[in-house]
Amino acid sequence: MLNYVDTRQGTNNQYTFSNGNALPYTGVPFGMNHYVVQTKNEGSWFFNPNDRIFQGFRLTHQPSPWMGDFSHFLMTPIADDKIRGSVFTCQSSYRPEEAIFKPHYLKVRQLRYNITTELVPSCYGASMRMKYNSGHQAGLVLNVHNKSEFRLDAAQRRITGYVSNFADCHDKEFRMYVAMSFSKEIDLSTTGYYDAEGQFFPEVAFDKVDQHVVLRFKDCEKDTLDVKLATSFISLEQAELNLARELSTTLDEQKESAAQAWNHYLNKIQVTHSNEEYLRTFYTCLYRMFLFPQKFYELDANMEPVHYDTTARTVKKGVLYTNNGFWDTYKTVYPLYSIIAPKEYEEMLEGFLNSYRETGFLPKWLSPDERGLMPGTLIDAVIADAAAKGLAQHLLPELLEAMLTAATTQSGQNCYGRQGTLDYIKYGYVPSSYHESVNHTLDYAYSDFCISRVAEVLGKSDVAEQYRQSALNYNNIFDPETGFMRAKDQDGQFRPGFNDTSWGLDYAEGSAWQTSFAVFQDFQGLIEAYGSKERFFNKITELCNKAPDFDVRGYGFEIHEMSEMAAVDYGQLAISNQPSFHIPYLFNYVGQPASSQVVIKQIMSNLFNSGFDGFPGDEDNGSMSGWYVFSSMGFYPVCPGSNEYVLGIPLFDSVSIELPSGKQMQIHTDNNNPQSNFVANVQLEGEDYNKLYITHEDILAGKSLDFRLGLAPSYRQYSDEELPFSISKKK
C-alpha cells in the first residue's frame with residue numbers, strides 16, 4: 001500500500017494556521033530517528049511542500065512544531081567550493097514534483113550541484129547514496145546547531161561524535177551520539193569547518209558551537225558516494241555498534257526491508273473504493289499512526305534492550321518510548337493498536353511503566369522526557385483500554401499503583417502528574433484558581449473511571465467502586481441553566497461574566513462548546529443532568545448549527561485553533577482539535593444516529609484529503625489520522641476502557657481487518673454513493689443489528705459487519721441496551 005502514500009500530506013503550514021502541522025517523515029515504524037527534507041531554516045517550520053529550495057536532509061526528533069526538535073542535524077551534499085559557512089550558502093533549488101517522498105524512501109536531485117541523493121531509513125540509522133555529476137569535488141556538509149564534537153578517522157573513512165541540541169530535557173547535557181561511514185576516501189586537504197565569519201579551517205577534529213563541518217572526498221567528481229549512519233542516546237560505543245549492524249546491508253536491501261516494515265502494518269487493513277483519492281487519504285493517515293511513539297531504547301552487545309534515563313543520567317536496562325502526548329493520542333492511536341498491533345502496545349506500556357519507575361509518575365507528554373503539557377493524565381485511558389481488552393495483564397498491578405499515585409499525590413514539579421490533585425479530592429472539582437480548571441476536572445473524572453476499570457479487572461472491588469463514584473465528579477461543575485461545564489471557585493460559585501464562546505482561561509484550546517461534552521464515561525448521566533434526551537439533543541444540534549464565533553478572552557489574541565474552526569464553518573464542532581473528536585458521535589447516545597451519520601460523512605468527505613492541506617488542524621502524533629481511519633471504517637472508540645466502538649457511517653465499499661488471531665473482520669457497504677448520507681440498515685454476522693455500537697469482542701471474533709446506506713434518514717426507538725456505554729446504565 002506504499003504506492004498510495006505521499007508523506008507530504010498535511011505539511012503546508014505556518015505558525016498561524018495548520019493544515020496538519022505535520023512533517024514528511026521518512027523512517028521505519030516506531031523508529032528512533034526520522035528524516036525530513038529541510039526547505040527553510042525557520043525554527044520548527046523547516047519544511048513546506050511548495051518551497052523549491054533544498055537545504056539538506058534533516059535527522060529529526062520533532063513530534064510537533066509546538067514541542068521543537070530535541071536532537072537534530074542537517075546533511076547537505078555539495079559539489080563546489082562556493083559555500084561560506086551557512087545553510088543559506090549551501091542550499092540548492094530542487095523540483096518537488098520530481099522528488100520522491102515515501103515512508104521508506106527519499107530521493108532528491110539538487111539542481112545547483114546536479115547531485116541525486118537517495119536516503120533509506122532503519123530503526124537506528126540510515127543509508128544514503130549520492131550520485132555526483134557536476135565534475136566538481138564531491139562533498140557533504142554537516143550543519144549542527146548548538147554544541148557538538150566530532151572526530152575524523154580518515155583511515156577508516158569515518159566520522160564520530162555527538163550533538164547536544166534539544167528543545168528541552170531534564171538532562172541539560174543530553175547528547176545524541178553519531179557514527180558515519182563513507183565509501184570513498186576523505187580528502188583531508190579540503191575537509192574542515194567554517195567559522196561564523198565564513199572563514200575555512202582545514203581540520204580533523206571539530207568541537208565548535210554551531211558547527212558547519214565540510215567533508216570532501218577523493219575521486220568522486222562523477223561517481224557515487226555511499227554513506228551509512230547510526231545514532232545512539234547511550235554512548236559513542238553504542239552508536240558504533242548500531243552502525244556495525246548496518247554495514248552488512250546495501251541501500252537496496254535496506255530499502256526493501258523498510259518497505260516490508262511499513263507494509264506489515266499498512267496491509268493489516270484493506271479498503272476498497274472507486275475513488276482512489278479516498279485510498280490515498282486512508283493509507284497516508286494509517287502511515288501516520290505508526291510514526292509515534294518512537295523507540296528510545298537500543299540493543300546492547302547481547303541484543304538486550306537498554307535506554308538512557310535522563311533523570312538519573314545513567315543507562316538502564318529495559319525498553320523506553322518517547323515523543324508522544326497522551327492528551328492527543330489516547331483517543332484513537334492506542335485503540336487501533338489494540339486491534340492490529342497488540343504486542344507493540346504491550347511493549348509501549350512496559351516502556352511507560354519504566355518512565356514511572358524512573359520519575360515517580362506516569363508520563364503525560366514525552367519529548368524526550370516529561371514536558372508536562374496539556375491537562376489531565378490521559379495515559380490512564382491507554383492503560384484502561386489495554387486492561388479491558390486483556391492486554392499487558394502482567395503489568396497491570398504496577399500500572400494501577402502508578403495511576404493511583406497520580407490520583408492521590410501532588411508532585412513538587414508541575415510537569416508531573418495531576419495539577420490541583422489535593423483540591424480535586426477535597427472539592428470534587430479543580431477550582432478556578434487553576435488554569436484550564438474545567439478540562440482538569442473533566443479529565444480527572446474520566447481518569448477516575450479508567451482507574452476503576454483497571455481495578456475491576458484486577459478484582460479490587462473497593463478501589464473500583466471508589467473511583468467509579470468519583471468518575472461522576474463532572475456533575476460538580478455542570479451548570480444546568482446554561483447547559484455547560486463551568487469553572488467554580490473554592491466556595492462553589494461559578495466564575496461570573498460567562499460567555500459560551502470565550503476560549504482559554506478555564507478551557508484548554510477551546511470554549512465551553514468544545515469542552516463541556518468530555519464525559520466519555522457517562523453520557524447517560526450527562527443527559528440526565530440536562531433533564532431530558534430532547535434537551536441534550538437540542539444542545540448538540542445547536543453546537544453543530546451555531547456560527548463558528550469565538551472570543552479570544554483567555555488568550556488575548558487569536559490562536560490557530562480558532563482560525564481553523566472559523567475557516568471551515570462546521571459550527572462550533574471544531575473537529576480541527578482533539579477535544580471535539582467524539583462530538584459527532586454523541587447523537588447516538590440519545591437514539592438519533594442519523595444526525596451523527598450525516599455530520600461524520602461531511603467531515604470525512606470535505607475536511608480530509610491526501611494533499612498538502614490534508615487535515616483540518618494539527619494532526620498530532622497520529623491522533624487526527626486515527627479519527628479518519630476509524631470513522632472511515634464505520635465505528636469509533638468514544639470511550640477507551642469501555643470495550644465499545646460507537647457506530648457511524650463507513651466511507652469504503654469494503655474493509656478487511658487482519659486480526660492477531662489470523663482471523664479477518666469484513667465490513668461491506670451497499671449503496672455507497674455521495675448522496676447516501678445515512679445508514680438504512682446494519683447487520684452483524686448476517687443478522688439485523690440494532691445496537692448503536694459494536695464490542696471489541698465482536699471485532700476480535702471476526703464478525704462481519706454490513707451496512708446499507710440510504711438517501712433519507714431512518715428513525716426508530718432504541719432501548720437502553722442498544723445505546724452505547726455509560727456508567728449510569730449500570731444502575
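Is His 560 buried or exposed, and what is its relative accessible area?

Mentor: Bear in mind that this is a predicted model. His 560 is buried: its relative accessible area is 7%, and the cut-off for buried is under 20%. The residue lies in helix α16, which covers residues 560–568.

Leaving aside residues up to four places away in sequence, His 560 touches Tyr 15, Thr 16, Phe 17, Ser 18 and Asn 21, along with Trp 66 and Asp 618. With Asp 618 there is also a polar contact, in which the two side chains are joined at 3.5 Å.

Just after α16 comes Asp 569, which takes a positive phi of about 60 degrees.

Cys 90 is in none, and the nearest cysteine sulfur, that of Cys 220, is 17 Å away. Cys 169 has its closest cysteine sulfur in Cys 415, at 11 Å, and that is too far for a bond, because a disulfide needs the two sulfur atoms within 2.5 Å. Cys 90 counts as buried, at 1% relative accessibility, and Cys 169 likewise counts as buried, at 1%.

How values were computed. Residues are numbered from 1 along each chain as its sequence is written. This is a predicted model: local features need pLDDT of at least 70, side-chain atom pairs count only at pLDDT 80 or more; totals for chains, interfaces and linings use all residues. Side-chain values use heavy atoms; hydrogens and water are left out. Helices (H or I, at least four residues) and strands (E, at least two) are DSSP runs, numbered from the N terminus. Buried means under 20% relative accessible area, exposed over 50%, partly exposed in between (1.4 Å probe, protein chains only). A polar contact is a pair of N or O atoms within 3.5 Å; within protein, one must be able to donate a hydrogen and the other to accept it, and residues adjacent in sequence count only if both atoms are side-chain atoms. Contact means heavy atoms within 4.5 Å.
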